[in-house]
Amino acid sequence: MTSEKRASTKRPAAKRGTKGKSSARPGVLWRIWSFLWKFTVVVLVLCAAFGIYIDQQIARKFEGQKWHLPAQIYSRSMALYPGAAISHHQMMAELQLLGYRKVANPRQVGEFSASRTRIDLWRRPFLHPLGSQEALRVMISFDEQGVENVARQSDMRELAVFHLEPVLLDRIIASDGEDRLFVGRSEVPDSMVDALLLVEDRSFYEHHGVNPFAILRAAFVNISAGRTVQGGSTLTQQLAKNFFLSSERSLVRKLREALMAIIIDFRYSKDEILEAYLNEVYMGQDKSRGVHGMGLASQFYFGRPLNELTLAQQAFLVAVIKGPSYYNPWRYADRALERRDLVLRLLMEAGKISVNEFKIAAESPLGLRPEGRPVHQKMPAFYAQVKKELALRWGDSLLNESGIKVYTTLDPIAQEAAEKAVKEVMARIGKDTKELQAAMVVTDKYGGGIAAMVGDRNPSFEGYNRVSEMRRPIGSLVKPFVYLTALEDNQYNLMTSLKDEPLTVTNKHGQSWSPQNYSKTFSGRVPLMQALYKSLNVPTVNLGLAVGVDAVINTLDDAGWRGQAINPYPSMLLGAVDGSPLMVAQIYQTLADNGRFRQLSTVTDVLDMNNEAILADRLPSEQSLAPAAAYLAQYAMTRVVSEGTGVRLGRAFPDVTLAGKTGTSNDSRDSWFAGFDERNVAAVWVGRDDNGKTKLVGASGAMAIYQAFLEQRPPVGLRMTPPNDVVQAYFDLHGNAMEKGCPGTLPLPAKAGSWNPAPNCGQPLSWWQKLVGG
């Protein structure tokens, strides 16, 4: 019994032991299984979260603002109309600057042909502040005065006004240093897209962001070669890397790149992806600026829009993607040609171009822009003025906005001429005096816009802008406004006799001042006009005192003198007035424009990224000086050039009517010149920043720069059309008004009210004249 009990007791124990062992195995497996599925869920959740995060990143980039597009700064748009003061020579220079191609017969936009008096032009379409301008073929005819007419080629209808597209001067880029010109997919030639896909991603339209076969093929080729010779990334992967990732070589980065590419391909159309790639791809380096996108690359390498490139040029842009530095065409032309020809061969082998097209393209040169011609103009003085005006009229934050377009008044041909003139003359007169400096501003005579600006003898120097910031005595440049003040009164005319004798002026404090003529001699009496064109000091002071110093200051104020108060002392009549070249240009602009004040400006219009105008207050414009008096002062200033202190300029351009005035401050510390032709007004200063003596006068310093400017940019002669109240008058040598036909008289313009000719040529009437009432 006891043994049976023991036996029965052992059996259950054995069962318990067996049961315990069998239950232990499921417990371990269950725990492993539990861990695995939980881990899997966590990983899936994390992957999903990461995918959502990546998806949001991509959405923000693609559906928001993909890039901060630089503010684009444009020149003025050249306006052509009958009578416009634009010569055939200037028009040709403008077309060259814009990258138009001269051909025998224009067949497409961007081409022109030219004879001696005509230009047959097929203008590009472009965005103008007044609205989009379509492509148009016109015939432009010229005569001695400028533009004779502009006719549309399709029906020979004459156009009232015709605009050329402005020159893209520069882009104010963000801190990332990336520069680009956005182009839509529709603006990219299909042949370029064909070449891009053949070279970079043949299955672009078939894969879903990642091409596993391309990756395997690249891996096999690279292993066989023992080095990396081929990549397997799709365009979408390249775009993902450029947009979101670094260039780090790691498996994690490649996985992120692949995931992003799949999401991008799922979310967006192939054309959207292609457009983004075409605007993002790195295409080279322009000094400190990275050149991104095909739009800017086209300008950077060829100086013309993308849709005007030849097949060979399109192929080159695709070729250079592989290595912009390695295939730099200015440094390694042979490499660049070889790579371009490879792209052309791929196009031919794929049946995209014919054998003949391949041969023609492969035999063509690269056709690069001249390496010395920059794709952006370095004009620190002008850009400083643009930024100042934008801040004043549009607000400080404007330039932080993406994609704005700023249309300026700059004339690129005038700017180039001004820079060359300053550098050339300063190299000559300043070679022994490195401290000698210069500044020059040129305005559009009828528009009131600043056409050119140079603030240093080295025009590209970014620093002190003498055009607007400095204040120096303007010397004899004030004199035309003394004479203009007098000529507003009918008791004065160009032949009014002025006293030229020793003079002493004493102020209320008992201090005396005795002005002297430059020659230290006196003539007794001189005609008003001669006193101006000979720049005589004493007659000027006598005239200024007669009309009143305050009246002269009021005239300067009406002409636009701003920024520096004028002390009402007699010495101001000879130029004891501190100003800048910009301030001088403003008052001479008003004088040259027949007395109409227009505030000088650098900006005409601003458009936002949607090409909508951003409005600002209009600049003041009014008739502030009497047109008749302004005209007579202009006439006297033409005599400055033909026979006065500016005669050297007149001899250089004997068949052109020019007006000007020289100026020199005390001890020849400042050399000034202000002058104008039918097109532009210019103010020039030469001196030293430390106010030291220069040994220069107005004619030998500043006027030499103006003369060099006109040699670079041939002047258009003044037309000198008198206002209605100015008549052709006659005077004898003593300044007496005479009738037409009297012996020994001079024909001169005069206000109708100031010319009261003596009857019978000033002689007593004979008995028979008295008899007939003559």
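This is a predicted model: local features need pLDDT of at least 70, side-chain atom pairs count only at pLDDT 80 or more; totals for chains, interfaces and linings use all residues.
Local features need pLDDT of at least 70 and side-chain atom pairs pLDDT 80 or more, while totals for chains, interfaces and linings use all residues. Numbering starts from 1 along each chain as its sequence is written, and side-chain values use heavy atoms, without hydrogens or water.

**View 1. Helix α3 packs against helix α7.** Helices α3 (residues 190-200) and α7 (residues 270-280) make an angle of about 85 degrees, with axes 13 Å apart. Axes are lines fitted to C-alpha atoms over the stretch in contact, and angles run from 0 to 180 degrees between N-to-C directions. Helices are DSSP runs of H or I, at least four residues, numbered from the N terminus. The angle makes α3 roughly perpendicular to α7 (65 to 115 degrees). V193, L196, L197 and E200 of α3 meet L274, Y277 and L278 of α7 (contact: heavy atoms within 4.5 Å).

**View 2. N279 sits in helix α7.** N279 is buried, at 1% relative accessibility (buried: under 20% relative accessible area, 1.4 Å probe, protein chains only). Its side chain reaches the backbone nitrogen of V183 at 2.8 Å. Not counting residues up to four places away in sequence, N279 touches residues including W67, R180, F182 and H292.

**View 3. Three strands form an open sheet.** The order is β31-β30-β32, with antiparallel pairing (pairing: at least two DSSP bridges between strands; strands: E runs of at least two residues). β31 (737-738) and β32 (746-751) are the edge strands, each with a single partner, so one side of each lacks a neighbour in the sheet. Strand β30 (residues 726-731) is joined to β32 by 6 bridges. A729 has L748 in β32 as its bridge partner. Helix α20 (residues 627-643) packs on the sheet and touches β30 and β32.

Methods
Angles under 35 degrees count as roughly parallel, over 145 as roughly antiparallel, 65 to 115 as roughly perpendicular and the rest as oblique. Buried means under 20% relative accessible area, exposed over 50%, partly exposed in between (1.4 Å probe, protein chains only). A polar contact is a pair of N or O atoms within 3.5 Å; within protein, one must be able to donate a hydrogen and the other to accept it, and residues adjacent in sequence count only if both atoms are side-chain atoms.
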